[in-house]
Amino acid sequence: MSFFYRCFAKGYNDDKLLRYLLLYYEGSVEDMRQVWSAACEFGLDTMLLEEKILMMLLFTRQGTQGSEPVFESYWKKIGRKKLCRAYVNLKSYEYFVKGMPVADPVFAFIENEYRRLSGTDRLSDQEEICRLALLQYYARSVSLTETQRVYASEMLEEFNTKGMRFAFFGRFDQELLKPWGMQGHVFAEYVGNPESTVSILYRYKNRDTGTDSEAAEEKYTKELVPNCFEGIFVREFTLFADEEIECIFEEEHGQEKARSDKWTLRAEQEASGTGMYSLLNRMCQASHEKKEPEYKEALESWLTLEYLAEEVFTLV
């Protein structure tokens with residue numbers, strides 16, 4: 001068999017040689033992908049080799065980068081559903097947890113599966129990691145179709161209900177985020193070993209310490225950070241106008257310890273809107289800028305809302 005592959009590698013290609021390699025050749029993933037590409041150019045049936053490549057990828061979990069065309073070809077030939085799902089689960093993990101680039105066909109498969117299973121009692125047939133990856137893919141997209149916005153809304157509801165909130169949620173527009181009270185929320189996110197204990201040290205800059213010096217480090221507050229999903233540790237904060245939080249993560253795993261660089265979270269949303277957060281935000285901003293009329297206007301609106309909440313909309 002190695003003789004036939006060497007002939008192929010030296011550029012001797014015809015359909016008979018390729019047909020033989022498609023049936024019997026088993027080499028490295030990269031070598032099999034070269035045979036697959038050549039066979040596609042000849043218009044040959046590549047399904048058996050595609051199955052070998054995908055199984056090899058799942059077994060070794062290496063060489064997955066750039067394998068999406070092989071998967072797409074196999075999927076469109078109505079390949080084995082279990083194999084397709086296993087490959088997509090792996091690519092979703094690489095995308096969501098490891099931050100590796102993944103091509104569109106993977107998300108097309110996930111979306112197609114979600115369309116088929118959503119609203120049924122079989123949604124559990126799709127792994128949670130796939131929906132997280134698809135939701136993050138939506139968040140990074142320039143625009144969404146109306147159907148995709150519906151899917152995004154449904155998945156945001158699912159993960160908010162489960163208490164799984166991530167930094168990328170903030171990429172969505174306020175129309176999608178409004179039901180989940182995320183205005184003014186920022187996320188400190190750390191990716192580490194799922195078995196590690198992760199803590200965050202944080203302080204509100206210019207509030208407690210009045211300085212950014214290393215000498216003020218004793219003013220930091222230290223808390224354990226929950227592992228939201230497979231080693232993604234998330235701490236959520238609410239910030240008002242001109243507030244900043246300085247953060248440092250510490251990871252412990254057995255005897256090993258690691259510390260992240262120092263970084264800063266800022267409130268980026270403007271003090272607009274008529275909700276409780278927006279009004280408090282406007283008061284903070286007006287106070288900071290010493291604008292008394294704006295402060296009084298926001299305060300009056302806030303007191304009105306507080307009265308309505310307590311007196312008019314009392315639960316029966």
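Is Arg 165 buried or exposed? At 15% relative accessibility, Arg 165 counts as buried, where buried means under 20% relative accessible area, exposed over 50% and partly exposed in between (1.4 Å probe, protein chains only). We will come back to this residue during the tour.

**Before you click**

This is a predicted model, in which local features need pLDDT of at least 70 and side-chain atom pairs count only at pLDDT 80 or more, while totals for chains, interfaces and linings use all residues. Residues are numbered from 1 along each chain as its sequence is written, and side-chain values use heavy atoms, with hydrogens and water left out.

**Stop 1: the whole chain**

Show the chain as a cartoon. You will find twelve helices and eight strands; helices (H or I, at least four residues) and strands (E, at least two) are DSSP runs, numbered from the N terminus. Of the 316 residues in the chain, 41% are buried. Contact means heavy atoms within 4.5 Å, and among contacts with a separation of 6 or more, 61% are between residues 24 or more positions apart.

**Stop 2: helix H3**

Select residues 29–41, which form helix H3. The 13 residues of H3 should span 18 Å at 1.5 Å a residue, and the end C-alpha atoms are 19 Å apart, which agrees. The expected span of a helix is 1.5 Å times one less than its number of residues. Now color the buried residues of H3: Val 29, Met 32, Arg 33, Val 35, Trp 36, Ala 38 and Ala 39. As you look at their spacing, remember that an α-helix has 3.6 residues a turn, so residues three or four places apart point the same way. Step just past H3 to Gly 43, which takes a positive phi of about 70°.

**Stop 3: where H7 meets H9**

Select helix H7 (residues 104–117) and helix H9 (residues 146–161). Two packed helices are described by the angle between their axes and the distance between the axes. Here the axes come within 12 Å and cross at roughly 75°. That makes H7 roughly perpendicular to H9. Angles under 35 degrees count as roughly parallel, over 145 as roughly antiparallel, 65 to 115 as roughly perpendicular and the rest as oblique. The axes are lines fitted to C-alpha atoms, for helices over the stretch in contact, and angles run from 0 to 180 degrees between N-to-C directions.

Which residues of H7 and H9 meet? Show Glu 111, Tyr 114 and Arg 115 on the H7 side, then Gln 148, Tyr 151, Glu 154 and Met 155 on the H9 side. The residues of this contact divide into three nonpolar, one polar and three charged. For this count, Ala, Val, Leu, Ile, Met, Phe, Trp, Tyr, Cys and Pro are nonpolar, Asp, Glu, Lys and Arg are charged, and the others, Gly among them, are polar.

**Stop 4: along H9**

H9 has 16 residues and reaches 23 Å from its first C-alpha to its last, close to the expected 22 Å. Its buried residues include Ala 152, Leu 156 and Phe 159.

Next, pick Asn 160 in H9. Asn 160 is buried, with a relative accessible area of 12%. Its side chain makes a polar contact with the side chain of Arg 165 (2.7 Å). A polar contact is a pair of N or O atoms within 3.5 Å; within protein, one must be able to donate a hydrogen and the other to accept it, and residues adjacent in sequence count only if both atoms are side-chain atoms.

**Stop 5: back to Arg 165**

**Stop 6: Glu 189**

Select Glu 189 in strand E1 (residues 185–191). Glu 189 is partly exposed, with a relative accessible area of 28%. A polar atom of its side chain lies 2.9 Å from the backbone nitrogen of Ala 167.

**Last stop: Arg 61**

Most residues other than glycine have a negative phi. Arg 61 has a positive phi of about 55° although it is not a glycine. Find Arg 61 in the loop between helix H4 (47–60) and helix H5 (68–76); Arg 61 is exposed, with a relative accessible area of 57%.
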